[in-house]
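Happy to walk through this one with you.

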Amino acid sequence: MLRIRKGEEAIAQMSESGEARCPCHLSIGQEAIAAGVCAALGAEDTIWGGHRSHGHYLAKGGSLEGLFAEVLGKTTGCAGGRGGSMHLMDTEQGIPGTVPIVAGTVPLAAGSALAYKLRHEARVAVAFFGDGALEEGSVHETLNLAALYRLPMIFVCENNLYSSHLHWTERRVADNLDQAGVFHSVPSQRVDGNQVEAVYNAAREAAVRARLGAGPSFLECRTFRWRGHVGPGSDEDVGVERRGELAEWLARDPIERAEQELAMMSAIDLEPHRAAIDEEIGRALEAARRAAAPDPQRAGEYVCVL
Amino acid sequence: MRTLTYVAAIREAHAQAMAADRRVFLIGQGLWSPWYAGGSLEDLDREFGRERVLDSPVSENAVTGMAVGAALAGMRPIVFHPRLDFLLLAMDPVINQAANWSYLFAGQASVPLVIRAVINRGGEQGAQHSQALHAMFMHVPGLKTVMPATPADAKGLLLAAIDDPNPVLYIDDRWLYAQTGLVPEEMCRTPIGEAAVRRIGSDVTIVGISWMAALALEAAELLANQGIEAEVIDLRSLKPWDQSRVLESARKTRHVIVADPGWRTGGASAEIAATIAAEAFHDLDAPIERVTLPDTPAPTSRAEEQAYYPRPAAIVEAVWRALGRQDQAEAAA
C-alpha cells in the first residue's frame with residue numbers, strides 16, 4: 001500500500017510539473033483494495049483494470065520503473081510507451097492489460113476465466129472497476145454470463161462514491177451496489193475498502209470459491225479517492241463541488257489504519273520498509289527519466305503482429 | 001477435392017479447426033439451433049460438446065468481450081453473430097479492445113480472434129437483418145476483414161483467420177450458401193490480403209466483393225456475348241486488400257468497375273476507387289465506375305428488395321459507360 005501511495009505521489013509530482021503529460025488517474029486513498037485483493041491471489045491469477053489502475057498494477061507485481069517510464073512515454077515503459085498511465089500491462093505478472101473504456105475489461109476478464117475453465121486450470125481472473133462501471137450494460141451482461149458458465153472470476157467494484165465529478169446520488173436512486181450481482185445469482189457483499197484485512201479476507205474467500213468451481217463473486221469495496229478524477233489536484237481545482245467528505249475519509253486512511261493494526265500486533269519497525277520504498281522509487285524514477293523516448297519513425301509498428 | 005456448397009465448406013472449416021486445435025472454441029447466438037446459422041454450424045455441439053460450442057445469451061457486447069479475453073488468455077475463439085447487424089452491439093470489444101490491443105501494448109500481446117458475422121440480405125427481413133457493414137470495419141486499423149465469395153475461400157479464409165494472430169472479421173453472406181464449388185479436403189488456407197483473378201480479360205476490370213464477385217462473373221458472360229472481355233477480380237480480403245493485383249489489372253485493361261454489395265457513400269468501393277485513381281490515374285481511359293447499393297436502408301417487401309439489390313445488368317451498364325458505349329448505356333437506361 002505504501003509503495004502504491006508513494007509511487008502515485010511521485011506520479012502526481014510529475015503531472016504537476018508537466019513532466020508527465022498523459023492523463024493520470026490516481027488511486028491515492030484507495031490502496032487497500034488493490035493490495036488486499038492481490039494479496040489473496042497467486043502468481044498464476046490475472047487482474048484486469050481500468051483508467052485508475054496504477055495500484056492494481058503495482059500490487060500484482062508490476063514494476064515501478066515500468067510504470068514511471070510508461071507514464072513518461074518511454075520505450076522501457078510497461079506498454080513500450082504506447083499506452084501511458086491508462087494502459088498498463090505485465091503479462092509475466094498476470095496483468096494482461098488495463099484500459100480506460102469504462103467497464104471495457106470486465107467482459108475480457110470473464111473471457112480469460114472461461115479460458116482457464118476450458119483448460120481445467122485452477123486460476124482466477126479479477127476484474128477491477130469503479131462504481132461508474134455499474135452503469136454500463138456490459139457489466140450486467142457479464143455478471144449473468146459469469147454465473148451461467150460458473151466462471152472462476154471475482155468482480156471487484158471500487159465504489160469511491162464519485163464517477164468523475166458525479167456523486168452516486170446524481171446517478172442512482174438507491175445506495176445498493178452490493179446487490180449488483182444478486183439478480184444474476186452472483187454472491188455479492190459490501191466490504192470496507194479502506195481496511196486491507198477485510199478486503200483480503202473477502203477476496204480470499206471469493207478466490208477459493210472460484211478455484212473450487214463454485215463460480216464468480218462480487219465485492220463492493222467502499223472507499224474514497226482523495227484526489228480529483230484525473231490529475232494531481234483535488235476536484236475543487238477544476239470547479240467541482242464535493243460534499244466535504246474528504247476530511248472524514250482522510251481520517252480513515254487505509255495505510256494509517258494498517259500501521260496501527262500492525263503496531264498492536266507486534267513491535268514492527270516500518271522505517272526500513274519506508275526507506276526501501278523511497279530508494280526503489282528514486283532508482284525507478286532515475287531509470288525512467290534516463291530511458292529513450294520512442295522513435296517517431298516507428299510509430300506505425302505493431303498495428304498488427306506478424 | 002470434391003464439390004461442396006459454400007455453407008458446407010464453412011462448417012467443414014469449423015469442424016477441422018476444432019478437431020486439430022483444442023484452443024479453438026465457438027461462442028455466440030444460435031449455435032445449438034438447427035436453423036439459426038443456416039446449417040453452417042450444424043451439429044458441431046454434438047461433435048465437440050457444448051462446453052466448446054457455447055450457444056450464448058443475447059449479450060453481444062459481453063460475449064464478444066469474453067471472446068477477446070479468451071483470445072488474450074491463449075485460446076483461439078470464434079465468436080459468432082448470426083446477423084452482422086447484431087455486431088453493432090459489440091463495437092467496444094471489437095474496435096476499442098481487439099483492434100487496438102497490439103498497438104497499445106507495443107506488440108507484447110495480440111488478440112487471435114475470429115469474429116464471424118453473417119449478412120442475411122433478402123428474404124424480406126428488413127433493414128436490421130440485412131445490412132452489409134463491412135466498410136465500417138475496413139476503416140479500423142488493427143482489424144482484418146475478409147469476405148469469401150466461393151466455397152473454397154469460405155473454408156480457406158476461415159482457417160487462415162483462425163491461424164492469424166490478429167483479430168479477423170469474417171463476413172459470410174447467406175446469398176452464397178447454396179453456391180457449389182471444388183473445395184480441398186485438407187485444411188487449406190486462402191492467404192488474407194490476396195485477391196483472386198476469376199476470369200482473365202483485356203477490355204475492362206471488374207473488382208467484385210462477396211456475392212458481387214459472383215454477379216461480376218455473370219455480367220462478364222453477358223459482356224462476352226457482346227465482344228467485351230472483362231477481367232473479374234474477387235477481392236476476398238477487404239483489409240488488407242490486394243492493391244497490387246487490382247492495380248496491375250487496372251493498368252492492363254484501363255477501365256475499372258468496382259462492384260460492392262454495400263452502400264455507396266464512404267463505402268469499400270470508394271476506398272478502392274480512390275486508390276486506383278491515385279495510383280493509376282494516367283493508365284486509365286475512363287472514370288472508375290461503381291456498382292453499389294443505393295444509400296438507403298434495406299427495404300423489406302419483395303418488390304422493393306428486387307429494385308434495391310443490383311443484378312448483372314447493372315454491372316453490364318457500368319461497363320458500357322466506362323467503355324464509352326453511350327448508345328447502349330442510354331438505351332438500357
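Q: How do you know what share of the contacts in chain A with a separation of 6 or more comes from residues 24 or more positions apart?
A: This is a predicted model, and two residues count as in contact if their C-beta atoms lie within 7 Å. On that basis, residues 24 or more positions apart account for 73% of the contacts in chain A with a separation of 6 or more.

Q: Which helices and strands does chain A have, by number?
A: There are ten helices and eight strands in chain A.

Q: What percentage of the residues of chain A count as buried?
A: A residue is buried if 20 or more other C-beta atoms lie within 10 Å of its own; 52% of the 306 residues of chain A count as such.

Q: Why is α1(A) called oblique to α10(A)?
A: Helix α1 (residues 2-17) and helix α10 (residues 271-290) of chain A pack at an angle of about 40°, with axes 10 Å apart. Angles under 35 degrees would count as roughly parallel and 65 to 115 as roughly perpendicular, so α1(A) is oblique to α10(A). Their crossing is right-handed.

Q: Which residues make this contact, and of what class are they?
A: Among them are A:Leu2 and A:Lys6 of α1(A), and A:Ile277 and A:Asp278 of α10(A). By class, the contact has five nonpolar, two polar and four charged residues.

Methods
Residues are numbered from 1 along each chain as its sequence is written. Chains are lettered from A and ligands numbered from 1 in the order in which they are written. This is a predicted model: local features need pLDDT of at least 70, side-chain atom pairs count only at pLDDT 80 or more; totals for chains, interfaces and linings use all residues. Helices (H or I, at least four residues) and strands (E, at least two) are DSSP runs, numbered from the N terminus. A residue is buried if 20 or more other C-beta atoms lie within 10 Å of its own, exposed if 12 or fewer, and partly exposed in between; C-beta atoms are placed from the backbone. Axes are lines fitted to C-alpha atoms, for helices over the stretch in contact, and angles run from 0 to 180 degrees between N-to-C directions. Angles under 35 degrees count as roughly parallel, over 145 as roughly antiparallel, 65 to 115 as roughly perpendicular and the rest as oblique. A crossing is left-handed if the near helix is turned anticlockwise from the far one by less than a right angle, and right-handed if clockwise. Ala, Val, Leu, Ile, Met, Phe, Trp, Tyr, Cys and Pro count as nonpolar, Asp, Glu, Lys and Arg as charged, and the others, Gly among them, as polar.
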